[in-house]
Amino acid sequence: MLDVLNRRADFLAAARAVRHSRPGLLFQARRRSADEPVAPERLRVGFTCSKKVGNAVARNRAKRRLREIARLELPAHGLPGWDYVLVGRPGATAGRAFDDLRADLVSALAATHRREPQA
């Protein structure tokens, strides 16, 4: 199940953890600790785009695309107990081919979980 991150502290914690840069997005991920008040079987995702991406219309378009690739790919490739943040890139997130954007997310997820020992 996907939950959406909405607290600034969660975004900052993810920013301090693992990050992977891909042509269409910046990917940040962190494994939650056992003492956090979130069910361990849940995975959470957040979306953000800075003003560098463009005006409000451009930022919203980029976030809609990020939400859709997360909806399609995270249930299959994400792991429970993790927080993911997808950051839009100027000129790339909204303009990149959708299949390429999906491949960027799958690649970043694979790189993240390849580094982590499975518990």
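View 1. D10 counts as buried because its relative accessibility is 7%, where buried means under 20% relative accessible area, exposed over 50% and partly exposed in between (1.4 Å probe, protein chains only). The model is predicted: local features need pLDDT of at least 70 and side-chain atom pairs count only at pLDDT 80 or more, while totals for chains, interfaces and linings use all residues. Residues are numbered from 1 along each chain as its sequence is written, and side-chain values use heavy atoms, with hydrogens and water left out. D10 forms a salt bridge with R44, with 3.5 Å between the closest N and O atoms; a salt bridge is a side-chain nitrogen of Lys or Arg within 4 Å of a carboxyl oxygen of Asp or Glu. D10 belongs to helix α1 and R44 to strand β4, so the pair ties together parts that are 34 residues apart in sequence. Helices (H or I, at least four residues) and strands (E, at least two) are DSSP runs, numbered from the N terminus. R44 is also buried, at a relative accessible area of 9%. A salt bridge joins D10 to R7 as well, at 4.0 Å from N to O.

**View 2. The salt bridge between R96 and D104.** The closest N and O atoms of R96 and D104 are 2.7 Å apart. R96 is partly exposed, with 25% relative accessibility, whereas D104 is buried at a relative accessible area of 6%. Elsewhere, salt bridges with shared partners link R7, D10, R30, R32, E36, R44 and D83 into one network. The count of salt bridges comes to ten.

View 3. R65 lies in α2, which spans residues 56–77. R65 is buried but has no salt bridge, and D100, the nearest side chain of opposite charge, is 8.3 Å away; Lys and Arg count as positive and Asp and Glu as negative, with His and the chain ends not counted. A polar atom of the R65 side chain lies 2.9 Å from the backbone oxygen of T93. Leaving aside residues up to four places away in sequence, R65 touches T93, A94, R96, A97, F98 and L101, contact being heavy atoms within 4.5 Å.

View 4. Five strands form an open sheet in the order β1-β4-β5-β3-β2, with mixed pairing; two strands pair if DSSP finds at least two bridges between them. β1 (2–4) and β2 (18–21) are the edge strands, each with a single partner, so one side of each has no neighbour in the sheet. From one strand to the next, the twist averages 25°. β2 pairs with β3 (residues 25–31) in the antiparallel sense over four bridges, and F27 in β3 is the bridge partner of H20.

View 5. Five of the six residues of β4 are buried. β4 runs parallel to β1, joined by three bridges, with V45 in β4 as the bridge partner of V4. β4 also pairs with β5 in the parallel sense, over five bridges, and F47 stands opposite L86 in β5. α2 lies across β1, β3, β4 and β5 and runs at about 160° to β4; axes are lines fitted to C-alpha atoms, for helices over the stretch in contact, and angles run from 0 to 180 degrees between N-to-C directions.

Notes. Polar contact = N/O pair within 3.5 Å; in protein donor to acceptor, adjacent residues only side chain to side chain.
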